[in-house]
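Subject: Structure handover and findings

Dear colleague,

Please find below the structure that I am handing over to you. I would be grateful if you could read the notes after it with the model open.

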Amino acid sequence: MEVHVNGSCIGCGLCVSTCPNEFFMTDGGTAAAFSPEVGSDLAGQVQAAADSCPVSAIEVR
Ligand code: SF4
């Protein structure tokens, strides 16, 4: 799985709470992914974060 946080992020912090091993808040107040490549161990949490992002800013494929 690959993940990317796009420019729609409003910095709500939900994804960081859902999956702190993959997402963090930047100094600019928006979220980013530690790594674009997501291992199978985190795939479920990353998908859950993507599904719950209020502005659909988390793109997975
Ligand atoms: Fe940004 Fe979405 Fe994460 Fe909220 S859940 S911080 S809007 S990427």
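Predicted model: local features only at pLDDT ≥ 70, side-chain atom pairs only at ≥ 80, totals over all residues.

Ligand site. The ligand is surrounded by 14 residues. Cys9, Cys12, Gly13, Cys15 and Cys53 are the closest of them. The largest cavity is the space that the ligand takes up.

Helix α2. Which residues of α2 are buried? They are Ala43, Val46, Ala49 and Ala50. Around the helix axis these residues cover an arc of only 125°, and therefore they lie on the same side of α2. Gly44 and Asp51, on the other side of the helix, are exposed.

Aromatic pair. The structure contains 1 aromatic pair. Its members are Phe24 and Phe34, whose ring centres are 4.7 Å apart and whose planes meet at 25°. The pair counts as stacked because this angle is below the cut-off, which asks for planes under 30 degrees apart. Phe24 belongs to strand β2 (residues 23-25), whereas Phe34 is in the loop between β3 (31-33) and α2, so the contact ties together parts that are 10 residues apart in sequence. As for accessibility, Phe24 is partly exposed, at 28% relative accessibility. Phe34 has a relative accessible area of 51% and is therefore exposed, since the limit for that class is over 50%.

Ser56. This residue is in the loop between α2 (43-52) and β4 (58-60). For context, most residues other than glycine have a negative phi. Ser56 is also exposed, because its relative accessibility is 53%.

Ser8. The loop between β1 (3-5) and α1 (14-18) holds Ser8. At 38% relative accessibility, Ser8 counts as partly exposed. Along the chain, Ser8 and Met25 are 17 residues apart, and 14 Å separates their C-alpha atoms.

With kind regards

Conventions:
Residues numbered from 1 in each chain as written. Heavy atoms only, no water. Near = heavy atom within 4 Å. 1 Å grid on protein atoms, 1.4 Å probe; cavity = no way out; pocket = protein on both sides within 12 Å on 5 of 7 lines; lining within 4 Å. Sits in = over half its atoms within 2 Å of the grid points. Helix = DSSP H or I, 4+ residues; strand = E, 2+ residues; numbered from the N terminus. Buried < 20%, exposed > 50% of the residue type's maximum accessible area, 1.4 Å probe, protein only. Phe/Tyr/Trp six-rings, centres within 6.5 Å; stacked < 30°, edge-to-face > 60°. Arc of directions from axis to C-beta.
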